[in-house]
Amino acid sequence: MTRRQLRIEPVSLADAQAFVARHHRHHPAPVGHKFSQAVTDQRGQRRGVAITGRPSARALNDGRTLEVTRVCTDGTANACSALLAAAWRAARELGFHRLITYTQAEEGGASLRAAGWRMAAELRPRNGWDSPGRPRHDQHPTRVRRFRWEVTTPDFRHAEQPARDEKPGPRCAFCTGPLGPATRGRPARYCGSACRQAAYRARTTTRPGVGSRRPRPIAEQPTGPTGEAA
Ligand SMILES: [Zn+2]
């Protein structure tokens with residue numbers, strides 16, 4: 001199913017919760033929200049829901065950030081990325097600057113990447129991921145890798161400290177925001193193209209003779225024969 005055939009519509013928290021209870025693999029539905037959205041196919045049949053609320057991690061609850069606390073689909077192609085994109089559009093229109101969500105390693109991040117999100121942090125492992133809906137009986141305590149994903153407006157500035165549960169990982173060389181764990185290839189230096197370009201501008205404008213160097217006042221001009229101030 002193409003994204004064009006999918007429609008986003010508002011949904012009450014109760015209806016979103018009911019959908020999650022029927023379909024979701026690991027968790028009960030969240031108890032509160034800022035807004036919830038549903039995606040329907042061309043016949044009007046509901047294929048998924050997304051619930052968005054305040055960030056669960058206090059350090060990330062900065063008044064400018066919302067969290068997609070649950071996204072749940074019946075597996076319809078593109079339903080998940082359509083919901084994630086819609087949640088970000090809505091959050092931005094409400095004036096928020098960052099939207100975050102969490103995945104477990106096994107879930108991958110194809111839908112998130114397709115919707116323009118990036119991996120922002122890996123969380124410290126915690127033991128077990130047992131739930132009433134999906135008990136685990138592993139011999140060892142299950143150490144599930146968990147990741148935080150985010151999408152931000154271009155002018156969003158990250159706090160310098162990682163949130164409590166997050167592994168101190170590599171930081172962006174420009175804004176010091178979190179860099180997602182390296183996936184493959186050369187490790188990234190910047191968290192995104194905005195920071196890469198800003199760092200490039202900063203480099204090129206401070207190089208002598210290049211860019212926008214302001215002329216110094218006369219009194220500071222070099223006067224001696226060696227070029228040093230007298
Ligand atoms: Zn950055």
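**Core and sheet of the predicted model**

The largest nonpolar core holds 39 residues, and Val49, Leu83, Leu84, Ala87 and Leu99 have the most contacts inside it. Such a core is a set of buried Ala, Val, Leu, Ile, Met, Phe, Trp, Tyr and Cys residues joined through C-beta atoms within 7 Å; buried means 20 or more other C-beta atoms within 10 Å of the residue's own, with C-beta atoms placed from the backbone. Helix H2 gives the most to this core, with 11 residues. Helices (H or I, at least four residues) and strands (E, at least two) are DSSP runs, numbered from the N terminus.

This is a predicted model, so to speak of local features takes pLDDT of at least 70 and side-chain atom pairs count only at pLDDT 80 or more, while totals for chains, interfaces and linings use all residues. Residues are numbered from 1 along each chain as its sequence is written.

E4 (residues 65-73) pairs with E5 (residues 98-104) in the parallel sense over 3 bridges, and Glu67 has Ile100 as its bridge partner in E5. On its other partner, E5 runs antiparallel to E7 (residues 146-152), joined by 7 bridges, with Gln104 opposite Arg146.

How values were computed:
Two strands pair if DSSP finds at least two bridges between them. A residue is buried if 20 or more other C-beta atoms lie within 10 Å of its own, exposed if 12 or fewer, and partly exposed in between; C-beta atoms are placed from the backbone.
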